[in-house]
Amino acid sequence: MLHPQPHPFVDEQPLIELRGATCGYGGHPAVEDVSLKIWPGEFVGILGPSGAGKTTVLRAILGGVKVYRGQVLIEGKPLGQRRMPIGYVPQLETVDWNFPITVEEVVLLGLASNKAWPWATRRERQRVYEMLERLGIAHLAQRHIRALSGGQQQRVFLARALVANPRLILLDEPTSGVDIKTRDDILHLLHQLNHQGATIMLTTHEINAVAAHLPRVVCINRTVIADGPPAQVFTPEILGRTYGARMVVIHHGGLVLVAERPHAGYEEHLVLQGEYDAGAV
Amino acid sequence: MLEPFEYGFFVRGFIVAGLVGILCGLVGVYVVLRRMSYIGHGLSHAMIGGAVVSYVMAFNFYAGASIWGFLSALLINTIVRHRRAIGTDAAIGVITTAGFALGVAIISRYRTFTRNFEAALLGNLMGVAPQDVWAVTAMTLTALAIIILTYRRMLFLTFDPEVAAYYGVPTAWLDSLFALLLAGTLVVSMQLIGVTMLVGALVIPAVTARLLTDSFGRLLVLSGAIGTFNGLCGTYLSYFLDVSSGANVVLVGTVLFVLAYLWSGLRGRLGRLWGIEAH
């Protein structure tokens, strides 16, 4: 797995800044008092259990939720004045896979926002093919989106997010519902893009498989619990507060591994049976 | 073969049928993909109320029916928003049937209408008046202009409304524009197709075309072409069979749909047999 070098962040302004933001839907806050700075060139994972408000944080940046208190700033300016294009990859489960649309048509949408001319220009088409080529799916351009594997489907929506050349790419659970090989491919690809200068933010609930491989992890459960490199934030205390479950953290040769700890009653039961050596971990 | 074209009323109906066919074929694609078939069905019925009331009050028929349809849509929205226990489909059922019932009640109470309301219910070639040709032409041109100029944004909105908004597509504005487009389509198609048949004319070309292609661009063109064919062929046959034009347009469409259904099954089977990937 590639790891980007730490970026020098001195006297630059953050790309994204949340200042004590409380946001949600229909009068009900989903996250409260979130403060977060994302700097250009970073690769950040938002980690938390389902329902913790990970997607809400992404939506706050995209202007898709109500901000009740606090501020969301894009390049130092309020949301309404956003000029910067942001690439967004939704969760694959939210896509209507029966919709009559080809791979090429999906990727072209990434350039559609203010086009009055219905047909794509030659330059736009070329741009789409370059992007598909780069992601290794150019031969699938005329296929229907259902006729693809999970990894290919993820790449199609990544291509749509990248085609307008955004500085910031947001991905909602890009590794859920795909197999291990695809997951590693996707993470590798994202690291490459990050090395080429893109700022990347993704949400995940997978600690070992995803979050542990990112340079910076923000633990969220309705508010920010911790923020920093995995080695720093992966402590039983922080993960326990994030997931509301007891966790065991194992450091092994520079690797951090997190496991769920059997609940107290079960442990005692095992100890009584003499089958479990509680001192081993 | 060409005998019906000697009659002015038939030529008029035939032109309107072709235009209504294109219009319904194109608008129907969005109706089907946005899962709005039932609201289209309901609104077309509700408009009978508006049409009859506007006649009684000596008000322009098109304006009356459109305003009535628009108000019905607003009412449905209000009910769903303020009484959460009532689902959208049930609210559509109440409001649109009430409008339809009011229209039928007035028609059956006063039987002295010169306007052919039976045509509005069941669809009739003879119900097409000269001014209807202009209304349908204007509506078809407007619809074509809207569909072409908003093509990419409307596709984004239809496929993925949430992400479309993030990418700066004016979703609320396009939603309202589409609602007006749908209402206009229903109003100008009413006389030829009849409100009871309208949703068929709207939905059948789109679902038939859907069985034949997986690309949105091709679907739109194909659905417009199938709609035109259904309209022209249905109207032409209705002259010889002496069957209501609305019913005929829907029946011709149904035959094409069955053929497309069988063909798509056959294609899948042949594909597997020959080891060719069909999708």
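Predicted model: local features only at pLDDT ≥ 70, side-chain atom pairs only at ≥ 80, totals over all residues.
Residues are numbered from 1 along each chain as its sequence is written, and chains are lettered from A in the order in which they are written.

Let's turn to the overall fold. A compact globule of 279 residues would have a radius of gyration near 19 Å, and chain B agrees, with 19 Å (taken over C-alpha atoms; the globule rule is 2.2 Å times the number of residues to the power 0.38). Along the principal axes, the C-alpha atoms of chain B fill a box of roughly 65 × 55 × 35 Å. Of its 279 residues, 52% count as buried, meaning under 20% relative accessible area with a 1.4 Å probe, protein chains only.

Now look inside. The count comes to one cavity of 30 Å³ or more, a cavity being a set of points on a 1 Å grid over the protein atoms alone where a 1.4 Å probe fits but cannot get out. The largest cavity has a volume of about 80 Å³, the space filled by probe spheres set on the points, which are joined across faces, edges and corners. Its lining has 15 residues, each with an atom within 4 Å of a point; B:Ala201, B:Pro205, B:Gly227, B:Asn230 and B:Val249 lie nearest the centre.

Terms used. Heavy atoms only, no water. 1 Å grid on protein atoms, 1.4 Å probe; cavity = no way out; pocket = protein on both sides within 12 Å on 5 of 7 lines; lining within 4 Å. Buried < 20%, exposed > 50% of the residue type's maximum accessible area, 1.4 Å probe, protein only.
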